[in-house]
Amino acid sequence: MIPEIKPGYGVFERTEDAIKAAAEAQKNYEMNYTLAERQTIIDAVRAALVSEAKFISEMEFEETGYGRPEDKYGKNLSTATGVPGTEKLPKEMVKSDDEGLLMEFYAPFGVIGALTPVTNPSATIAGNGICCLASGNGIVFNAHPAAKVSSAYALQLVNKAVVEAGGPDNLLTCTMIPTMDSLKVIMSAPEISLLIGTGGPAMVKTLMGSGKKCICAGPGNPPTIVDETVDLDECAKNLIMSHSLENNTLCVCEKEAFVVDEVFDSFMYAIDRKST
């Protein structure tokens with residue numbers, strides 16, 4: 001069942017309001033919350049995401065029609081539990097030698113603009129959100145229009161967990177109706193200091209044309225090379241798993257395999273064995 005999304009807990013009708021709210025929340029978060037408090041907030045977010053992973057996965061499949069609910073469930077669980085928190089932030093950054101003392105400090109960018117894909121909407125909200133919570137950033141999402149409900153639901157779930165753990169509301173925000181126009185507002189907003197995006201080549205081209213610093217995950221669609229050095233049974237098992245994950249809609253899954261003549265027949269036998 002696809003729920004009705006109403007404004008609140010990071011969801012706004014106007015993109016400009018979403019940006020302003022995220023900027024205010026991020027400033028509060030950076031100035032008033034310690035790393036230990038950030039980690040407490042992240043732990044609460046993880047628990048909330050895990051508790052609703054099955055519902056989110058089924059809702060996402062119903063809304064988008066992509067992939068398989070059981071695979072989405074695995075993705076959402078692994079994102080909630082596996083994306084690093086504050087433990088990955090460098091903390092011992094003081095160096096001294098005969099030329100003097102150097103101290104490095106990792107500071108937040110501020111507010112980040114993010115574009116999310118239809119194939120991984122809730123997992124991207126969760127993964128990007130946890131990273132920003134760990135690093136002290138706020139983030140404004142422009143979700144894929146075909147996954148706007150799943151994305152907004154996951155975003156509100158994260159924000160509720162943040163608030164219940166003592167953090168500020170609206171560290172993650174989005175607009176209720178994401179469009180190319182709302183993306184343009186995000187890209188041009190002076191409050192946005194970094195853009196991140198997951199999607200196809202058109203998305204990468206759009207973000208890279210903004211004139212701002214960008215981190216873009218474009219199409220992967222990697223090939224596999226199978227030669228005489230591989231464990232054929234292990235290779236066959238992994239390829240079948242990867243190709244079938246989410247019905248091969250993800251660009252991180254292999255799209256073709258190149259097999260050397262020397263092991264071709266043996267590889268095909270291995271595929272048959274692992275397929276049954």
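The questions and answers below go from the whole chain to its spaces, its loops and its charged pairs.

Mentor: Keep in mind that this is a predicted model, in which local features need pLDDT of at least 70 and side-chain atom pairs count only at pLDDT 80 or more, while totals for chains, interfaces and linings use all residues. Residues are numbered from 1 along each chain as its sequence is written, and side-chain values use heavy atoms, with hydrogens and water left out.

Trainee: What percentage of the residues of the protein chain count as buried?

Mentor: The secondary structure comes to ten helices and ten strands, where helices (H or I, at least four residues) and strands (E, at least two) are DSSP runs numbered from the N terminus. Buried means under 20% relative accessible area, exposed over 50%, and partly exposed in between, with a 1.4 Å probe and protein chains only. Of the 276 residues of the chain, the part that counts as buried is 45%.

Trainee: Which element gives the largest share of the lining of the largest pocket?

Mentor: On a 1 Å grid over the protein atoms alone, a pocket is an open set of points with protein on both sides within 12 Å along at least five of seven lines, a cavity is a set where a 1.4 Å probe fits but cannot get out, and lining residues have an atom within 4 Å of a point. The largest pocket holds about 640 Å³, and of its 30 lining residues the closest to its centre are Arg38, Leu89, Tyr106, Ala134 and Ser135. Helix H2 (35–51), H5 and strand E7 (192–198) each supply at least two residues of this lining. The largest share, five residues, comes from H5.

Trainee: How many residues of the lining of the second largest pocket are polar?

Mentor: This pocket has a volume of about 430 Å³, and Pro117, Asn120, Thr124, Thr198 and Val252 lie nearest its centre among 19 lining residues. For the classes, Ala, Val, Leu, Ile, Met, Phe, Trp, Tyr, Cys and Pro count as nonpolar, Asp, Glu, Lys and Arg as charged, and the others, Gly among them, as polar. The lining then divides into seven nonpolar residues, one charged residue and, as the number you asked for, eleven polar.

Trainee: Which elements give two or more residues to the lining of the largest cavity?

Mentor: The search of the whole structure finds one cavity of 30 Å³ or more, and about 40 Å³ of space lies in the largest cavity. Its lining consists of Leu49, Ala53, Ile56, Asn76, Ala80, Ser122 and Ala126. The elements that give two or more of these residues are helix H3 (53–64), helix H4 (69–82) and helix H5 (121–135).

Trainee: Is Asn170 buried or exposed?

Mentor: Most residues other than glycine have a negative phi. Asn170, although not a glycine, has a positive phi of about 75°, and its place is in the loop between helix H6 (148–164) and strand E6 (172–175). Because its relative accessible area is 16%, Asn170 counts as buried.

Trainee: Where does Asn248 lie?

Mentor: Asn248 also is not a glycine and has a positive phi, of about 60°. At 21% relative accessibility, Asn248 counts as partly exposed. Its place is the loop between helix H9 (232–244) and strand E10 (256–259).

Trainee: How far apart in sequence are the parts that the pair of Glu246 and Lys72 ties together?

Mentor: The side chains of Glu246 and Lys72 meet at 3.1 Å, N to O, in a salt bridge, which is a side-chain nitrogen of Lys or Arg within 4 Å of a carboxyl oxygen of Asp or Glu. Glu246 lies in the loop between H9 and E10 and Lys72 in helix H4, so the parts tied together are separated by 174 residues.

Technical notes: Points joined across faces, edges and corners; volume = space filled by probe spheres on them.
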